[in-house]
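The sequence and the coordinates are shown first.

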Amino acid sequence: MEAITEGVNNINISESHKKNRIQVSNTKKPLFFYVNLAKRYMQQHNEVELSALGMAIATVVTVAEILKNNGLADERKIMTSTVDIKDDSRGRPVQKAKIEILLGKTANFDELMAAAAAEGGENGDVEENNA
């Protein structure tokens, strides 16, 4: 019963955040997959929300810092919390850290993206200084 309730709550949360949310997982996706996806979301929606649990938090923070250091994004809001995740091996809920970072376009976002595209950057990629 708890799993069903948790599933319904997760659906409501994700639906309320429109289509500008990126949930970063701790998989083997390259860091710049998320950087480029965030750029695309900001072009479409003017802001993007990066969200992660546990070990993936470091990836979200790195993505946000790359976007900020390249002048593409401003930090609008950072939310941290803990969530209960059901661990089947232990049979009881485990608390995991959660972070949500809301980034918005900077005033010169479009200029920077256009300049990167003019330089031949694939998909408007901005040259990254710190990977």
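The points below proceed from the overall architecture to the strands, the core, selected residues and, finally, confidence.

The model is a predicted one. The protein contains four helices and four strands, and its elements follow the order α-β-α-β-α-β-β-α from the N terminus. The mean pLDDT is 82, with 78% of the residues at 70 or more.

**Overall architecture**

- Of the 131 residues in the protein, 31% are buried.
- The protein exposes about 8400 Å², of which carbon and sulfur atoms supply 50%.

**Strand pairing**

- Strands β1 and β2 run parallel and are joined by four bridges; within this pairing, R21 stands opposite E49 of β2.
- Strands β2 and β4 run antiparallel and are joined by seven bridges; A52 has I99 of β4 as its bridge partner.
- Strand β3, residues 73-87, is joined to β4 by 14 bridges in an antiparallel arrangement, and D74 stands opposite G104 of β4.
- The hairpin of β3 and β4 has four residues between the strands, and G91 in this hairpin takes a positive phi near 75 degrees.
- Strand β2 is largely enclosed by the rest of the structure, because five of its seven residues are buried.

**The largest nonpolar core**

- The largest nonpolar core comprises 25 residues, and the members that touch the most others are I22, V48, L50, L67 and L103.
- At least two core residues come from each of β1 (21-24), α2 (31-45), β2 (47-53), α3 (57-69), β4 (92-105) and α4 (109-118).
- Beyond its neighbours within four places in sequence, V48 is in contact with N20, I22, A38, Y41, M42, I101, L102 and L103.
- With neighbours within four places in sequence left aside, the contacts of I101 are V48, E49, L50, V60, V61, A64, K77 and I78.
- The C-alpha atoms of I101 and M79 are separated by 6.5 Å, although the two residues are 22 apart along the chain.

**Helix α4**

- Which residues of α4 are buried? They are F109, M113 and A116.
- These three residues lie on the same side of α4, because they cover an arc of only 60 degrees around the axis.
- The buried residues of α4 pack against α2 and β4.
- The face of α4 turned away from this buried side carries the exposed residues E111 and A118.
- G120 follows α4 and has a positive phi, near 90 degrees.

**Residue N46**

- N46 lies in the loop between α2 and β2.
- The phi of N46 is near 70 degrees, a positive value in a residue other than glycine.
- Most residues other than glycine have a negative phi.
- N46 is classed as partly exposed because its relative accessible area is 45%, which lies between the 20% and 50% limits.

**Confidence**

- Where in the protein is confidence lowest, and where is it highest? The lowest mean, 45, belongs to helix α1 (residues 2-16), and the highest, 96, belongs to α3.
- Over residues 1-17 pLDDT stays under 50, and the model has five contacts beyond four places in sequence for this stretch.
- Over residues 123-131 pLDDT also stays under 50, and here the model has 23 contacts beyond four places in sequence.
- Where pLDDT is low, the predicted coordinates should not be read in detail.

Methods
Residues numbered from 1 in each chain as written. Predicted model: local features only at pLDDT ≥ 70, side-chain atom pairs only at ≥ 80, totals over all residues. Heavy atoms only, no water. Core = buried A, V, L, I, M, F, W, Y, C linked by side-chain atoms within 4.5 Å. Buried < 20%, exposed > 50% of the residue type's maximum accessible area, 1.4 Å probe, protein only. Contact = heavy atoms within 4.5 Å. Pairing = 2+ DSSP bridges. Arc of directions from axis to C-beta. Areas by Shrake-Rupley, 256 points an atom, 1.4 Å probe, with all protein chains shown as cover. pLDDT = per-residue confidence, 0-100.
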